[in-house]
Amino acid sequence: VSSPSHSALNREMALLQPPSPTGVCTAQRHLDAIAGLDQQLASLTPAEVNSPVRSKRKGVAGGVVPNPLPLSKLAVVDYAGRLLRVNPSWSRVLGYDEEWLLSRPYVEILHPEEVGSIAALLAEMKETQRPVLLEDRLLAADGTWRTFVWTLSPDPGGDRLYGVGRDVTEERAQARAFAGRTAERDQLWTLSADMLAHADYSGKMLAASPAWTRLLGFSEHELLSTPYSDLIHGDDIQATSAALVRMGETGLSVQYENRLLTKAGEYKPFQWTVVPDPGGISFIAIGRDMTDAKTREQDLLQVQSALRQSQKLEALGQLTGGVAHDFNNLLTAVMSNLELLEKRIGHDDRAHRLIQGAIQGATRGATLTQRMLAFARRQELTVEPHSLVRLVERAEDLLRRSVGDGVELKFNLAQPLP
């Protein structure tokens with residue numbers, strides 16, 4: 001069954017206004033006329049009742065009349081809250097028969113939370129004799145509660161009033177669902193850790209979520225009064241503008257990154273997802289703070305660099321170990337032959353000094369190879385105290401033979417040296 005049109009409801013409300021001072025007609029007569037029209041509806045087929053425009057009817061000039069509010073509930077009620085007369089719509093909507101409705105007080109099907117307010121309203125109407133508009137909930141025969149909007153008009157000087165009720169249960173359910181969705185969106189807007197914005201292509205922000213203030217430090221007034229291009233890093237303006245132009249031309253969402261100025265004068269990196277509005281004059285933007293992600297990225301790069309260095313050192317250690325091992329084998333052969341040679345030269349002092357110098361050099365080489373092997377094997381090097389004077393004195397003969405007789409060497413070794 002279709003809902004009553006606005007114009008039809010206005011006609012019905014007009015019929016229920018109190019009678020004029022001239023007494024030409026009464027509200028009772030108007031109610032009788034509407035009730036009679038409603039009874040004609042009861043004889044129609046469902047297709048005729050549901051017609052959104054017109055229903056054919058005999059006995060009316062032109063053969064057609066507007067569909068006369070098939071869901072309107074018409075009633076005559078006294079100030080004590082007892083129904084005196086109802087139209088068939090009560091049975092169609094609530095499921096009770098007319099005899100049951102007229103034999104019980106109206107309060108039996110009224111929601112308990114509204115009993116007191118309705119009683120007070122009836123008392124006020126009896127005193128003021130003014131029509132009122134109200135909303136209440138009535139219990140249907142199937143145990144559900146249905147919501148109605150009523151227009152009540154008192155019969156001046158009488159003991160009754162006339163009402164027209166419209167079932168708004170579905171409308172109220174839709175309104176509650178819409179309000180719930182709106183509340184969820186508002187909560188998302190307020191609590192989102194990402195920055196949400198509604199902006200136009202001229203560079204003006206129309207709305208900014210509280211996350212903007214939390215992340216950038218600017219107040220909502222400052223954000224809405226400042227072109228968003230003033231917040232973008234100079235090096236990122238061109239890429240950002242190109243992405244927005246592309247979105248405006250294609251109507252497709254875009255993603256990009258840029259840096260935004262904070263109130264402290266620093267720049268923070270953000271990743272954006274921007275979706276155009278269907279109207280093509282504004283867009284919705286969602287920005288995620290990438291500061292922590294960029295920091296983690298830099299940390300990862302440093303760890304990777306350190307790993308590569310470690311791998312290089314490990315390879316160098318392996319190479320060093322191999323070279324030191326081979327060199328040590330060579331030095332062992334050299335030192336062995338020098339010792340054998342020293343035993344065979346007899347009493348040649350000069351030859352003995354030369355062989356001793358060679359043995360000392362080979363010994364230092366062996367010490368170096370031991371250190372190289374310790375490095376290759378990642379062993380801790382032993383730190384021992386040494387006399388610098390003694391080390392230089394040991395190297396004197398080697399140095400003199402190296403530079404030749406044409407160079408005079410003088411050693412000035414201060415005492416004590418560390």
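1. Residues are numbered from 1 along each chain as its sequence is written. Because the model is predicted, local features need pLDDT of at least 70 and side-chain atom pairs count only at pLDDT 80 or more, while totals for chains, interfaces and linings use all residues, and side-chain values use heavy atoms, with hydrogens and water left out.

2. The whole structure holds 12 salt bridges, a salt bridge being a side-chain nitrogen of Lys or Arg within 4 Å of a carboxyl oxygen of Asp or Glu. One of them joins E114 and R137 at 2.8 Å, N to O, and links E114, in the loop between α5 (98–102) and α6 (115–128), to R137, in strand β5 (residues 132–139), 23 residues apart.

3. E114 is buried, at 12% relative accessible area, whereas R137 is partly exposed at 26% (buried means under 20%, exposed over 50%, partly exposed in between, with a 1.4 Å probe and protein chains only).

4. E222 and K263 form another salt bridge, at 3.4 Å, N to O, between helix α9 (residues 220–224) and the loop between β10 and β11, 41 residues apart; helices (H or I, at least four residues) and strands (E, at least two) are DSSP runs, numbered from the N terminus.

5. Beyond its neighbours within four places in sequence, T262 is in contact with L215, L216, F218 and K268, where contact means heavy atoms within 4.5 Å.
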